[in-house]
There are 2 protein chains.
Amino acid sequence: MEYTGHGGKPLVERVITDKAEAKKKIQGLKQVPANRQMATEAIGIAYGFFSPIEGFMKKADVEATCKKMELADGTVWSIPIVFDISDKEIADYGIKAGDSVCLTYEGNPLAIFDIEEIYSFDKETIAQDVYGTKEDKHPGVKRTYAYKDKFLGGKITLVNEPKVREPFTPYFLTPRQHREKFKEKNWIKIVAHQTRNVPHSGHEWLMKHAYIAAHGDSPVEQMETMGKAISGILVNCIVGEKRVGDYIDEAIVLTQDELRKSGYFRDDIHMVTMTFWDMRYAGPREAVHHSIIRTNLGLTHHMFGRDHAGVGTYYHSYQAHHLLMSIPKEKLNITPIYVLEWAYCPHCGEVTCIGLCGHWNELQKFSGTKIRSIIMDEVKPTRLIFRPEVFDVVMDAAKKYGFGSPFVTQDYLAKAKPAFTIEPL
Amino acid sequence: MEYTGHGGKPLVERVITDKAEAKKKIQGLKQVPANRQMATEAIGIAYGFFSPIEGFMKKADVEATCKKMELADGTVWSIPIVFDISDKEIADYGIKAGDSVCLTYEGNPLAIFDIEEIYSFDKETIAQDVYGTKEDKHPGVKRTYAYKDKFLGGKITLVNEPKVREPFTPYFLTPRQHREKFKEKNWIKIVAHQTRNVPHSGHEWLMKHAYIAAHGDSPVEQMETMGKAISGILVNCIVGEKRVGDYIDEAIVLTQDELRKSGYFRDDIHMVTMTFWDMRYAGPREAVHHSIIRTNLGLTHHMFGRDHAGVGTYYHSYQAHHLLMSIPKEKLNITPIYVLEWAYCPHCGEVTCIGLCGHWNELQKFSGTKIRSIIMDEVKPTRLIFRPEVFDVVMDAAKKYGFGSPFVTQDYLAKAKPAFTIEPL
C-alpha cells in the first residue's frame, strides 16, 4: 500500500531490504564515514520520517528553508537537513558532484549517497533564519557554527537497516509501521504528544486534554465505551543527543509506556513510539518540523504546549502557536492542538487546567525541578502528582540503564550504548 | 441588530413592548385563558426560543413534525408545539378560524393569538412518532393523551412580558439577550450544558470535557491565559413542570451558578441561564428540540451525555447521538459534543473520564441516588465528589425556597410560587 506523506506527496521509502541486492549495489563505491547525527538523519530520510525529502538537502532547498520556510518546490520546511564535510575530507575521499558513495557508520555500510551537489552556505544566515539568533549560546546555533566547510546534497538509499537495542526495540517503528499499527487499531483521529520527559500527572492530563480536544464532536461509536476507541494518543518520544541533566531516554520511553500499562490510559487509546532526532531547540521552527514528522507518521493532530522545543528565553510563550497558525491547512495537514498547563489545585483537590479552574491564586504548578529533586531523593510522591508505578519504573531504569541515575551524567554520556547500531552487511 | 435563528431564518421576535400600543391592540379582542404550559410556550414562541415558528403549530406542521421530523417548509423540527382546546371552550368563547383573540394568564392579558386554523390530530400518531411508544406510562405520551379535542394554530404576539421572580430573575434571558451577552464576553465558541440537576463533580467535569472538546484546536489567544477567554460554557437550566423527587429549580440554578462563583470554573468561561420548558422526556427527539432552542440562543455546540432527556428504558444509551448524527449540518447548525461519563477512580485518586482511564474495574460511578441520600442526611460529602460551596447553597435553597427540602415535595408543588407571573397590563 502506498501512503501519503507531508505536502500531499507519496511517503518516501528508500530502503533496500534484500541483503544480496544491497551488497551488489554498494560494490565498488567509495566509502565515506558518517557521524552519529548524519547516520541518524540518513536513516530518518530513508524511512520517510522527513518526507518528501529524499536525501540531504541541496543549496536551493536550504536557501528556501531559511528564507521562506519552504523547500525549493514550495513544500513547507523549517529546518535544514544537511550533510557537512570538510574540504580536506572531500579531497581525501576524492568526492565529486555526480558521485555515488557508500556512507558507513561504525565501519559498516549504511546507505548509498548520490552526491548531486557540493556547496557552501553561510552559517550565520542559517542561525538567524532558523533559530532567530546568532548567539552561539543557543545549542542549535552552536551546532550550526560547528558545521564543516561544505555540504553534500543528494539522495539517500538505506542498504543496511539499524538494529535498535533494548529497551527501545519495540518502540522504534518506521512511518509505514506506524500507519499499519493505526490501521490495526482502527484509529481515525490520532494526536501526537512530543516528549523528552518522564511524565508527572500534569503531563498525563495534557495528553488527556489533547485527546479530548482532538476528539471534538466525536462520533457515537466512540461513546459506546466498551467498544474499541477510534481515536488515540501517540506518545512519540524524541531519542537523540542528550545533555547532562536530561532524563535518560530509557526512563522516558519506559515510563510513558507504563502509564498505559498501569491503566492511567485505556489500553485502546494510547501508544508509545520513538523518533530518532537530535533536538535543535529551534522553538517555533522546530514545532513545524515536529508537525512534519508526525504528519509522516500518519497523525491527524499534534499537541503543543507553552514552550514547544524552546530553550532559554529565545522564544516567547506560544510563539510556536502563532507560527503554526500562520500556515494554511493545505500546506501542513495536521491540526495543532494548543493545550494549557494542568496544575494541582488544593481548592478543587485535584489536578486541573489553568484554562478551566478559577482558583488562580491557589494553583500549584508542576515544577520539573521540584519533581526531579523528589526523584533524586527517592521519595515516592503522592499519586495525584506522580504515579507510583511510574516512579518504580524510573528507579528501575536508573539501575538498569542509567548507572544508578535516571538523569544523564558524564558517566552515562561516556558509557551508555547507542540506541541503534549498524552491523556488518 | 437582526440575528439568525434555527434553519438559517431570522430570529423570531414578536413582542410589543410599548404598553399603550399593546393595550390598543388587544382592545375588543375576545379573551381566551391559557394554562401554565400554553402561557409558557406562547412566551417561548414570542421571544424566539422556538424560531422559526411564529405561533402555535398548524396541522401541516404537526403532520410533518410527526412523519418527517420537519416543519411543513422542511425546517428540522421534532416536537409539536400546540395549543389544545375543548369543543366546549371553542363554542363558549365563540372561536372561529380567522379570529384574533387575546390569550390571558392568571386573568391578565398575555398575547394576541391570530387563530388561522382549528383542527384535530390523532394523539396516538403523535405518541408513536414523537415518543416512539403508545404507552401512557411515558410522561410525554400521557401528556399527549391529555390534550383536549382540538388544536388552534396561528401566530402569537406577546403584549405583556412575564415577570420572573427571585432567585430566577437574573437568569432569565431572551435569545436576543443571550446573544448580546455573548458579544459582550467575546465568546465565539459556546457549548450548551442542558441540566435539571444540582451538579456533582462528575457533572462539573462533563462540562469541562465539553468545553475542551468544543474548543478543539483553539486559537492561540485563548492560550494566553491571562487574556479573556473566547469560548464559554452556557449552563442552560430547564425550568418548568416538576415531579416529586426532582431537585427544586431554585437549587439547580443557584448551585450551577455557585460553581463559577466559588472558582470551579474560571469567571470568563462560564455562565448560567434558564429556559422555560416542560420536559417531554422524548429522548432523541427532545435532544433535537434542545439543539434547536440552543441554536436560537446563539450557541455553537451542544453537549449530550448518555441518556439525554430520556425516561425509563424507552430509549437506549446514545440513541439521541445517532439521531443527531443523521441530521446534516446545514439543517441543524449546532455541533453536538458527545461526552462520556466521568467517575471517581480510587487508583488515579481523582475524578476521571471512562473514555480515558483504564481502571474500569475500580471506577466508582457517580450515583444520583447516593448523592441525594447524602444530601438528605445533610452530611457534607468530600470535595472531590461534591463541592462544599454547592452543598451549602443546596441547604440554603432548601430552607429558602423548598419548605425545608431541596427536592420537590407535594408541599412544594402546592405552595411554591410560579417562576413567572403576568401582571395587569
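## Reading a two-chain model

Guide: B:Gln31 touches B:Cys102 and B:Thr104, not counting residues up to four places away in sequence. Keep in mind throughout that this model is predicted.

Visitor: In which strand is B:Gln31 found?

Guide: B:Gln31 belongs to strand S1 (residues 30–33) of chain B.

Visitor: How far is B:Gln31 from B:Tyr93, in sequence and in space?

Guide: The two are 62 residues apart in sequence. In space, C-alpha to C-alpha, the distance is 7.9 Å.

Visitor: Let us step back to a whole chain. What does the secondary structure of chain A come to?

Guide: Chain A has 15 helices and 15 strands. Of its 425 residues, 50% count as buried.

Visitor: How does the radius of gyration of chain A sit against that of a compact globule?

Guide: A compact globule of 425 residues would have a radius of gyration near 22 Å. Chain A has 22 Å, which agrees. Along the principal axes, the C-alpha atoms of chain A fill a box of roughly 70 × 45 × 45 Å.

Visitor: What share of the contacts in chain A comes from residues 24 or more positions apart?

Guide: Among contacts with a separation of 6 or more, that share is 74%.

Visitor: Now the core. Which residues touch the most other members of the largest nonpolar core?

Guide: The general idea comes first. In soluble globular proteins, nonpolar side chains tend to be buried together. Here the largest nonpolar core has 250 residues. A:Ala42, A:Ala210, B:Ala42 and B:Ala210 touch the most other members. Take B:Ala42. Beyond residues up to four places away in sequence, it touches B:Ala34, B:Leu103, B:Leu110, B:Ala111 and B:Ile156.

Visitor: Which residues of helix H7 of chain B are buried?

Guide: H7(B) spans residues 175–185, and its buried residues are B:Pro175, B:His178 and B:Arg179. They cover an arc of only 95 degrees around the axis, so they lie on the same side of H7(B). The cover over the buried residues of H7(B) includes helix H2 (36–47), strand S10 (270–276) and helix H11 (284–296) of chain B.

Visitor: What follows H7(B)?

Guide: B:Asn186 follows H7(B), and its phi is positive, near 60 degrees.

Visitor: How do I read backbone angles like that one?

Guide: Most residues other than glycine have a negative phi, and most peptide bonds are trans. Then list the exceptions. A:Glu106 is not a glycine, yet its phi is positive at about 55 degrees. A:Glu106 sits in the loop between strand S4 (100–105) and strand S5 (108–119) of chain A. B:Tyr281 also has a positive phi, near 60 degrees. B:Tyr281 lies in the loop between S10 and H11 of chain B.

Visitor: Is A:Glu106 buried, exposed or partly exposed? What of B:Tyr281?

Guide: A:Glu106 has 15 other C-beta atoms within 10 Å, so it is partly exposed. B:Tyr281 has 20 C-beta neighbours inside 10 Å and counts as buried.

Visitor: Where does a cis peptide bond join A:Ser51 to its partner?

Guide: The partner is A:Pro52, and omega is about 5 degrees. A:Pro52 lies in the loop between helix H2 (36–47) and strand S2 (55–56) of chain A. Another cis bond runs from A:Glu166 to A:Pro167, with omega near 0 degrees. A:Pro167 lies in the loop between strand S7 (163–164) and helix H7 (175–185) of chain A.

Visitor: By what turn can chain B be laid on chain A?

Guide: Two copies of a chain are related by a rotation about an axis and a shift along it. Here the turn is 180 degrees, the shift along the axis is 0.0 Å and the RMSD is 0.0 Å. That is the relation of a two-fold axis. In chain B, B:Ala213 comes closest to the rotation axis, its C-alpha at 2.2 Å.

Methods
Residues numbered from 1 in each chain as written. Chains lettered and ligands numbered in written order. Predicted model: local features only at pLDDT ≥ 70, side-chain atom pairs only at ≥ 80, totals over all residues. Helix = DSSP H or I, 4+ residues; strand = E, 2+ residues; numbered from the N terminus. Rg over C-alpha atoms; globule rule 2.2 N^0.38 Å. Buried ≥ 20, exposed ≤ 12 C-beta atoms within 10 Å, placed from the backbone. Contact = placed C-beta atoms within 7 Å. Arc of directions from axis to C-beta. Core = buried A, V, L, I, M, F, W, Y, C linked by C-beta atoms within 7 Å. Least-squares fit on C-alpha atoms with pLDDT ≥ 70 in both.
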